[in-house]
Amino acid sequence: MQVDYALQRDRQNMGRRYVEVFSCKKEEYYQAVAAEVKEGGKDYEYRSPPPSRPKRSVNKDDMEYSEILKLRGLPYSVRKTDIGRFFGEEFNVKPDKVHLAYRSDGKATGEAYVEFASTEEAKKAMCKDNMKIGSRYIELFPSHPDEAKRAESRSRH
């Protein structure tokens, strides 16, 4: 029951940090604990890789595109102009075409929706997938206007 409860926290925030929760075998857990003990219990020195879990095999090339891309993994302090610079002069993204997502309490979610001139332009912009803003790598996904509008109506920021 506790495992199920913990897994519900996957891809949420803990304070200001984005957290992914993985299910693992007891053996992997004990190895991680042993490694931490070996390092003197200083968790800031120990950085274990996440246990392997099957990747959600999503081939972004096969997804249905529109003129909207969803960005995930953004720094919480990101501004619309930062996103414009991220895409560069080649894509010339104007601030009014960037929609930052916020929680109902007004805090940033680390997601945004960007509207491009055309579906083809959005596909070309996928070349920026997994590139960085600051120290954060940014994931890009095809989206559609309905998803962007839903996110905007949840935010009202």
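Leaving aside neighbours within four places in sequence, Lys60 is in contact with Tyr65, Met126, Asp129, Leu140, Phe141 and Pro142. Contact means heavy atoms within 4.5 Å. The model is predicted: local features need pLDDT of at least 70, side-chain atom pairs count only at pLDDT 80 or more, and totals for chains, interfaces and linings use all residues. Residues are numbered from 1 along each chain as its sequence is written, and side-chain values use heavy atoms, with hydrogens and water left out.

Lys60 sits in the loop between H2 and S3. Helices (H or I, at least four residues) and strands (E, at least two) are DSSP runs, numbered from the N terminus. Lys60 counts as buried, because its relative accessibility is 17%. Buried means under 20% relative accessible area, exposed means over 50%, and partly exposed lies in between (1.4 Å probe, protein chains only). Met126, one of the contacts of Lys60, is 66 residues away from Lys60 in sequence. The C-alpha atoms of Lys60 and Met126 are 8.9 Å apart in space.

The chain as a whole has five helices and seven strands. From the N terminus on, the order of elements is α-β-β-α-β-α-β-β-α-β-β-α. The chain has 157 residues, and 29% of them count as buried. Among contacts between residues at least 6 apart in sequence, 66% join residues at least 24 apart. The accessible surface comes to about 11,400 Å². Carbon and sulfur atoms account for 49% of that surface. Accessible areas come from the Shrake-Rupley method with a 1.4 Å probe; for residues, only the protein chains shown count as cover.

Charged side chains were examined next. Side chains of opposite charge can pair when their charged atoms come close. A salt bridge is a side-chain nitrogen of Lys or Arg within 4 Å of a carboxyl oxygen of Asp or Glu. By this rule the count comes to seven salt bridges. One of them joins Lys70 and Glu147, with the closest N and O atoms 3.7 Å apart. This pair links distant parts of the chain. Lys70 is in strand S3 (residues 68–72), Glu147 is in helix H5, and 77 residues separate them. Both Lys70 and Glu147 are buried. Salt bridges link Lys70, Glu111 and Glu147 in a network.

Helix H5, which holds Glu147, spans residues 145–155. A polar contact of 2.5 Å joins the side chains of Glu147 and Ser143. A polar contact is a pair of N or O atoms within 3.5 Å; within protein, one must be able to donate a hydrogen and the other to accept it, and residues adjacent in sequence count only if both atoms are side-chain atoms. Not counting residues up to four places away in sequence, Glu147 touches Lys70 and Tyr113.

Asp82 takes part in two of the pairings described here. Asp82 forms a salt bridge with Arg79, the closest N and O atoms being 3.5 Å apart. Arg85 also forms a salt bridge with Asp82, at 2.6 Å between the closest N and O atoms. Arg85 and Asp82 are three residues apart in helix H3, so about one helical turn separates them. Asp82 counts as buried, at 17% relative accessibility. Arg85 counts as exposed, at 56%.

A pair of aromatic rings is described by the distance of the centres and the angle of the planes. Rings of Phe, Tyr and Trp (its six-membered ring) pair if their centres lie within 6.5 Å; planes under 30 degrees apart count as stacked, over 60 as edge-to-face and the rest as tilted. By this rule the count comes to four aromatic pairs. The rings of Phe86 and Phe87 have centres 5.0 Å apart and planes at 80°, so this pair is edge-to-face. Phe86 is buried, with a relative accessible area of 8%. Phe87 is buried, with a relative accessible area of 1%. The rings of Phe87 and Phe116 are also edge-to-face, because their centres are 5.2 Å apart and their planes lie at 85°. Phe116 is buried, as is Phe87.
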